[in-house]
Amino acid sequence: MAESAPPADEELMLRAGRGDAEAFGELVRRHQGAVHGTLVRMLGTAEGAEDLAQEVFLRAWKSAPRYRPDAKFTTWLLTIARNLVGDYITSLEMAGCSITLLKADDEILGYWDAPVKTPGLRWGM
C-alpha cells in the first residue's frame, strides 16, 4: 500500500483556522527554521530573531480563522515576518537605535525555496 502525500501547507492552515492545533503545530515544525533563518538574514543578526519568529507564528495562529489560500502559505507567512521586521525596526528607531537590513527582498524570497534543516530548534507552542 502506497503512503499518501502529506497535507499541503494551505490545507493544514485551513484546518488550523477551524481550531486544529495539531495541524498548526505541523506548520510550525515545517517552517520554523526557514522563518528564523529569514529573520536573521533580514536583520543581519540573530538578536531579536527568535522572539520575532515566535511572534510570526503567534500572529499566524491568531489569523488562522481568516486565512484564505490566495497565495502560497509561505508567501503569506513571509508577509507576516516582513511586517514584524518593519515594526521591530520602527520601535528601534523610536528608541534612538538604527539598523540596516543586509539582504534584498528577492534574495530572502529565494531563501524560502531552499531546504532548511535546523535540528533541535524549537519554539514553544
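1. Ala64 touches Met13, Ala16 and Gly17, leaving aside residues up to four places away in sequence; a contact here means heavy atoms within 4.5 Å. Ala64 sits in the loop between H3 and H4. Helices (H or I, at least four residues) and strands (E, at least two) are DSSP runs, numbered from the N terminus. Because its relative accessibility is 3%, Ala64 counts as buried. Buried means under 20% relative accessible area, exposed over 50%, and partly exposed in between (1.4 Å probe, protein chains only). The C-alpha atoms of Ala64 and Arg18 are separated by 7.9 Å, though the two residues are 46 residues apart along the chain.

2. On the source: this is a predicted model, in which local features need pLDDT of at least 70 and side-chain atom pairs count only at pLDDT 80 or more, while totals for chains, interfaces and linings use all residues. Residues are numbered from 1 along each chain as its sequence is written, and side-chain values use heavy atoms, with hydrogens and water left out.

3. The protein chain has five helices and zero strands, and along the sequence its pattern reads α-α-α-α-α. Of its 125 residues, 34% are buried. Among contacts between residues at least 6 apart in sequence, 68% join residues at least 24 apart.

4. Which residues of H1 are buried? They are Asp9, Leu12, Met13 and Ala16. These residues lie on the same side of H1, because they cover an arc of only 100° around the axis; the arc is that of the directions from the helix axis to the C-beta atoms. H2, H3 and H4 are included in what covers them. Just after H1, Gly19 takes a positive phi of about 95°.

5. Two packed helices are described by the angle between their axes and the distance between the axes. For H1 (residues 9-17) and H4 (residues 73-94) the angle is about 60° and the axes are 8 Å apart. Axes are lines fitted to C-alpha atoms, for helices over the stretch in contact, and angles run from 0 to 180 degrees between N-to-C directions. On the H1 side the contact involves Asp9, Glu10 and Met13, and on the H4 side Phe73, Thr74 and Trp76. The residues of this contact divide into three nonpolar, one polar and two charged. In this division Ala, Val, Leu, Ile, Met, Phe, Trp, Tyr, Cys and Pro count as nonpolar, Asp, Glu, Lys and Arg as charged, and the others, Gly among them, as polar.

6. Met13 also belongs to the largest nonpolar core, which has 27 residues. Such a core is a set of buried Ala, Val, Leu, Ile, Met, Phe, Trp, Tyr and Cys residues joined through side-chain atoms within 4.5 Å. Met13 is among those with the most contacts inside the core, together with Phe24, Val35, Leu39, Val56, Leu77 and Val85. H1, H2 (21-43), H3 (49-63) and H4 each supply at least two residues of this core. Not counting residues up to four places away in sequence, Met13 touches Phe24, Leu27, Ala60, Ala64, Tyr67, Phe73 and Trp76.

7. Rings of Phe, Tyr and Trp (its six-membered ring) pair if their centres lie within 6.5 Å; planes under 30 degrees apart count as stacked, over 60 as edge-to-face and the rest as tilted. The count is five aromatic pairs. Tyr67 and Phe73 have ring centres 6.3 Å apart and planes at 70°, so the pair is edge-to-face. Tyr67 and Trp76 also form an edge-to-face pair, at 4.9 Å centre to centre and 70° between the planes. Tyr67, at 2% relative accessibility, counts as buried, whereas Trp76, at 22%, counts as partly exposed. Ring pairs also link Phe24, Phe57 and Trp61 into a cluster.
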